[in-house]
Amino acid sequence: MSKTAVIIGAGAGGLSAAVDLAVAGWQVDVFDSNSEPGGKMHQRQVGDVSINGGPTVFTMHWVFDELFKRAGAKLDSRVRLTESKRLARHAWADGSHLDLFHDMDQSAAAIAHFSDDQNAEGYRRFCAHGELVHDLLRDNFMATAQPSPIRLGYRLLRDGGLNALAVAPHKTLWQALGHYFTDPRLRQLYGRYATYVGSSPLSTPSTLMLVAHVERQGVWCVDGGMRALAQSIAELGEEHGAKFHFNSHVATVDCTNGHATGVTLTSGESVSADVVIFNGDAAALSDGLLGTAVSRSVPTRAPSARGLSAITWCINGSTSGFDLDYHNVFFADDYQKEFTSIFEEGRICAEPTVYVCAQDRVNGGLTRAGDERLLLLINAPAHGDRTTWTSDDLRQQREKAFRVLARGGLSIDFQEEACLATAPYDWNERFPASGGSLYGAASHGMFSSFSRPSAKTQIQGLYLAGGSAHPGPGVPMATLSGSLAARQILGDAA
Ligand SMILES: Cc1cc2nc3c(=O)[nH]c(=O)nc-3n(C[C@H](O)[C@H](O)[C@H](O)COP(=O)(O)OP(=O)(O)OC[C@H]3O[C@@H](n4cnc5c(N)ncnc54)[C@H](O)[C@@H]3O)c2cc1C
């Protein structure tokens, strides 16, 4: 008889765990409260168009290549990907613009033109350093089930020799960036990569410069959005026998003698299994949302440790005054204020940085006549369980964001009904116990990356997968976490 697994959640981590376990011959049942796979990889319906409302930057292609390969399939034949010529277009209030590219020489030339030769040379050093950090951490941290600082230090020295000292995690990213860039705009641009893991560049360790390297390795646009990627991974799981049950909220993880034995749905149905994987925010377990029997399965996470939330607007409208690319960032003047406001004062500053994903502009020109589909995002504190947002609050925040866009040259025209806002409160509803944090705990402090729970919990038979678990947030990392959970389960069952 094959072994059985129940997976709670069909987000990135739940999906990869489902594929890997199904491929290994396990009987897999995935339950999700939502009506389709993907979790944060979702679209919003705005009038008659669907707009990507979650992740838009697709990186670390290899994670998905390997997942599909293990299941006997090819990613490229299932999902249409177009490599972005430009990584992103950046704009500042003084009217300056900078495009960055996959190619280092092209970016260095753009930086020399935008700033000066000294900053272009700093950029090359930054890239070399980021690559070193990435290469050292890829196998020694990301792909390792339970990294410990001591073991990692040993492996870094073993594999990297004296170069390993360059990782310098005692410095913050913000401090480290000062060694590469004298131009404050470039420090701001590269500091923003901390937000990809829900963190402040002022507090995250300099090792997070590897995120910029990951992006420089390539960014792809997924035809149909990240939701299409999620659907394709779910189909892969189904081809290997995994069963998906949507609109099915799990009320409790059931335990017998301290061992997870299955789940009970809010409908009252109970499903038994040899193992249970939880793909929601790990804090939901310690907050008791999955029952008291598993409330001690993971360490409690203080609300103050949460990473960034966001306010997003999905808009179907027309734009003018600025030649948008697929990924665009409009910076405000005082970048440090943005993070002290959020993490120290619990509010959004007067001038937030605005990310704009122009979803109909793959590699430049508009691919659609008439209005275009846009996702706007500003960072926000993860207080979604404490603060509700009225429509007036949200309109005020939108006005702030639009002022920053206007200073960068962009105007957006739209009908009020063609704009859907999502606030920390809504994210918290969809991802319980997160407070609206989109990335689990913030990576603040030297050892923060080691404090994320690993796949194995304190309860036998209960495992974690997803962005709040090791190796961390982002679609590829959460996908890796699901595969690590599957690997741990297969090892434990052997
Ligand atoms: C606006 C936004 C922009 C982002 N941008 C990017 C980006 O550009 N690139 C990138 O790589 N990442 C980005 N991210 C982060 C990325 O989306 C996440 O890190 C990743 O998708 C998280 O995957 P996960 O495995 O943690 O599952 P999640 O997506 O968190 O899904 C968890 C699933 O579990 C289900 N669930 C939870 N509890 C229960 C229960 N009790 N019963 C049943 N089901 C349950 C939920 O319904 C959900 O479907 C972004 C996120 C957001 C929201």
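Residues are numbered from 1 along each chain, as its sequence is written. As the model is predicted, local features need pLDDT of at least 70 and side-chain atom pairs count only at pLDDT 80 or more, while totals for chains, interfaces and linings use all residues.

Let me begin with the ligand. There are 35 residues around the ligand, and those that come nearest are Gly9, Gly11, Gly39, Gly280 and Gly466; a residue is near a molecule or strand if its C-beta atom, placed from the backbone, lies within 6 Å of it. Two or more residues of this shell come from each of α1 (12-23), β14 (309-320) and α15 (475-493). Helices here are DSSP runs of H or I with at least four residues, strands are runs of E with at least two, and both are numbered from the N terminus. Which element gives the most to the shell? That is α15, with 3 residues. By class, the shell holds 18 nonpolar, 15 polar and 2 charged residues. In this division Ala, Val, Leu, Ile, Met, Phe, Trp, Tyr, Cys and Pro are nonpolar, Asp, Glu, Lys and Arg are charged, and the others, Gly among them, are polar.

I turn now to the sheets. An open sheet of 5 strands runs in the order β9-β2-β1-β13-β20, with parallel pairing; two strands pair if DSSP finds at least two bridges between them. At its edges stand β9 (243-245) and β20 (462-464), each pairing on one side only. On average, neighbouring strands of this sheet are turned by 20° against each other, direction ignored. Such angles run from 0 to 180 degrees between N-to-C directions, and the axes are lines fitted to C-alpha atoms, for helices over the stretch in contact. Between β2 (residues 27-31) and β9 there are 3 bridges in the parallel sense, and Val30 stands opposite Phe244 in β9. Helix α15 packs on this sheet, where it touches β1 (4-8), β13 (275-278) and β20, and its direction makes about 150° with that of β20. Contact means that the C-beta atoms of two residues, placed from the backbone, lie within 7 Å.

A second open sheet has 3 strands in the order β10-β11-β12, and its pairing is antiparallel. Because β10 (250-256) and β12 (270-272) are edge strands with a single partner each, one side of each is left without a neighbour in the sheet. Here neighbouring strands are turned by 30° against each other on average, direction ignored. β10 and β11 (residues 259-265) are joined by 6 bridges, and Val253 has Val263 in β11 as its bridge partner.

Finally, two helices. Which residues of α4 (residues 104-114) are buried? They are Ser107, Ile111 and Phe114; buried means that 20 or more other C-beta atoms lie within 10 Å of a residue's own, exposed that 12 or fewer do, and partly exposed is in between, with C-beta atoms placed from the backbone. The three cover an arc of only 65° around the axis, so they lie on the same side of α4. The arc is that of the directions from the helix axis to the C-beta atoms. Exposed Asp105 and His113 sit on the face of α4 turned away from its buried side. The buried residues of α4 pack against β7 (97-101), α5 (117-142) and α8 (184-191). As for α8, 6 of its 8 residues are buried, including Leu186, Leu189 and Tyr190.
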